[in-house]
There are 2 protein chains.
Amino acid sequence: VTGSEVGRTTVKRASERGRYDMAAITSILAAGLIAHVGVIASDGTPVVIPMGYALDGESVLIHGSVASRLMRAKSQVCVTVTILDGLVVARSLFNSSMNYRSVVVLGVPEVLVGDAKLAALLRLSDALLPGRVGHARAPSEQEVRATTVWRLPLDEASAKVRTGPPIDEEEDLDLPYWAGVIPLRMLCGEPERDEACTDRAVPDDVRAVTANINLRGGFRREL
Amino acid sequence: VTGSEVGRTTVKRASERGRYDMAAITSILAAGLIAHVGVIASDGTPVVIPMGYALDGESVLIHGSVASRLMRAKSQVCVTVTILDGLVVARSLFNSSMNYRSVVVLGVPEVLVGDAKLAALLRLSDALLPGRVGHARAPSEQEVRATTVWRLPLDEASAKVRTGPPIDEEEDLDLPYWAGVIPLRMLCGEPERDEACTDRAVPDDVRAVTANINLRGGFRREL
């Protein structure tokens with residue numbers, strides 16, 4: 001199974017930025033923190049909602065409340081994950097841009113039940129708060145019932161990546177304007193303890209979450 | 001004109017997080033860097049693509065290539081902007097969450113032409129690279145022609161915000177687990193000069209871009 005090289009997920013615009021190999025797709029999904037999920041609402045219009053997600057092998061997992069209108073969709077969905085890496089400052093406004101890595105996944109999600117659902121919930125927790133499982137109360141039966149979990153395989157997925165300096169027009173190169181890239185990073189600040197928490201020191205498991213997220217945010221892998 | 005308090009953009013889930021006043025909506029759109037735009041593709045499936053955008057008064061502007069399949073849509077679109085503010089570390093996995101600010105805008109975009117289109121392109125540049133207009137070559141007629149610009153009014157828009165500490169179950173409060181929030185921020189690194197750029201010092205206009213983005217990223221306004 002690899003990302004399809006033809007069909008609906010083929011990158012048409014700026015096609016030199018399109019990447020289809022599974023390694024590129026999974027490395028972006030492993031680094032991201034949030035997905036934007038598109039569905040078609042009951043009135044036929046598109047709706048895009050930010051949701052937590054996890055990469056799990058060659059699938060993405062998405063979870064939400066069983067009461068969510070969005071999660072009731074039984075039809076095609078689109079899951080898009082984007083990581084901003086920089087502002088591209090060109091000598092012209094037109095060629096100014098952003099460096100980013102993004103993945104688009106299309107498909108009809110499978111609704112998970114039973115052991116697969118519980119395993120997926122733990123995986124979802126681990127994607128958001130790496131290593132926290134075992135340092136927090138596990139989901140109760142009632143909490144599992146209150147949650148819908150989707151698995152969407154990466155069968156129809158593509159990546160789009162822009163890296164590197166601005167690409168200016170030849171005739172613009174001598175203009176007296178600075179050009180380059182301003183890197184962007186998502187970083188964690190110092191953990192802020194809940195007032196009701198008597199454990200004043202930030203424990204190792206929370207420090208590990210922070211370190212992991214900072215590593216993801218700072219890690220600008222050349223695909 | 002204000003964000004609608006009823007209808008399709010009413011926040012149904014976690015409705016205590018829904019905000020509908022225009023000030024909340026515009027402050028989130030002013031702070032964000034990227035939008036996720038949902039359209040219905042010609043085969044009837046939803047597609048979500050990351051795109052640059054700008055807040056302009058009580059509208060959002062979106063631009064893309066005239067050759068973009070997505071920008072040819074004449075029908076309903078959904079523009080969603082999300083800013084991650086923190087990881088919410090609860091005493092249970094179930095109540096762990098994220099702090100975020102997001103806006104969903106629905107509508108049929110107007111395609112801009114003439115002076116309105118050029119003004120919108122400058123506004124779009126200024127949203128991505130604040131203050132850069134005047135320190136880079138302005139768009140040529142050909143570049144303007146090569147670009148499609150949408151205006152989408154905020155007539156049908158809603159905001160959803162989660163702030164603050166975890167909300168744990170009463171019976172979980174005595175569990176021996178740390179609880180709190182790990183703040184997340186999007187920050188700029190040191191600008192990296194293009195090799196072909198002879199201007200070795202980072203000029204004030206680029207420093208101003210960096211300062212502005214860092215201010216946005218670090219600014220956790222209580223809505």
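Two bridges join E8(B) to E9(B), and the two run antiparallel. Strands here are DSSP runs of E with at least two residues, helices are runs of H or I with at least four, and both are numbered from the N terminus. Two strands pair if DSSP finds at least two bridges between them.

Before going on, a word on the model. It is predicted: local features need pLDDT of at least 70, side-chain atom pairs count only at pLDDT 80 or more, and totals for chains, interfaces and linings use all residues. Residues are numbered from 1 along each chain as its sequence is written, chains are lettered from A and ligands numbered from 1 in the order in which they are written, and side-chain values use heavy atoms, with hydrogens and water left out.

Back to the sheet. It is open, has four strands in the order E4-E5-E9-E8 of chain B, and pairs antiparallel. Which strands sit at the edges? Strand E4 (53-56) and strand E8 (110-111) of chain B, each pairing on one side only. Helix H1 (residues 22-31) of chain B packs on this sheet, touching E4 and strand E5 (59-65) of chain B. Its direction makes about 140° with that of E4(B). H2(B) packs on the sheet too, touching E4, E5 and E9 of chain B, at about 110° to the direction of E4(B). For these angles, axes are lines fitted to C-alpha atoms, for helices over the stretch in contact, and the values run from 0 to 180 degrees between N-to-C directions. Contact means heavy atoms within 4.5 Å.

Arg151(B) is in strand E9 (residues 147-153) of chain B. Leaving aside neighbours within four places in sequence, Arg151(B) contacts Asp56(B), Ser59(B), Val60(B), Leu61(B), Pro109(B), Glu110(B) and Leu112(B). With Ser59(B) there is a side-chain to side-chain polar contact at 3.4 Å. A polar contact is a pair of N or O atoms within 3.5 Å; within protein, one must be able to donate a hydrogen and the other to accept it, and residues adjacent in sequence count only if both atoms are side-chain atoms. Leu187(B) is 36 residues along the chain from Arg151(B), and their C-alpha atoms are separated by 28 Å.

Over to chain A. Here an open sheet of four strands has the order E4-E5-E9-E8, with antiparallel pairing. E4(A) and strand E5 (residues 59-65) of chain A pair over four bridges. Leu55(A) has Val60(A) as its bridge partner in E5(A). Helix H1 (residues 22-31) of chain A packs on the sheet against E4 and E5, its direction at about 140° to that of E4(A). Arg151(A) is in strand E9 of chain A. The side chain of Arg151(A) makes a polar contact with that of Ser59(A), at 3.4 Å. Arg151(A) and His63(A) are 88 residues apart in sequence, yet 9.0 Å apart C-alpha to C-alpha.

Next, the interface. How many residues take part on each side? 92 of chain B touch 91 of chain A. The buried area is about 7300 Å², with 68% from carbon and sulfur atoms. That is accessible area (1.4 Å probe) lost when the two parts are put together, summed over both. In chain B, Leu93(B), Arg137(B) and Trp178(B) lose the most area to chain A, together 12% of what that side buries.

Polar contacts across the interface come to 25 residue pairs, both at pLDDT 80 or more. On the chain B side, E11(B) gives the largest share, nine residues. Glu192(B) in E12(B) is the bridge partner of Val181(A).

Last, charges. Side chains of opposite charge can pair when their charged atoms come close. A salt bridge is a side-chain nitrogen of Lys or Arg within 4 Å of a carboxyl oxygen of Asp or Glu. Four cross the interface. Asp194(A) and Arg91(B) meet in a salt bridge, 3.0 Å from N to O. Over all chains, the structure holds 18. Arg132(A) pairs with Asp205(A), closest N and O atoms 2.8 Å apart. Arg132(A) is in the loop between H2 and helix H3 (141-145) of chain A and Asp205(A) is in helix H4 (residues 204-218) of chain A, so the pair ties together parts 73 residues apart in sequence.
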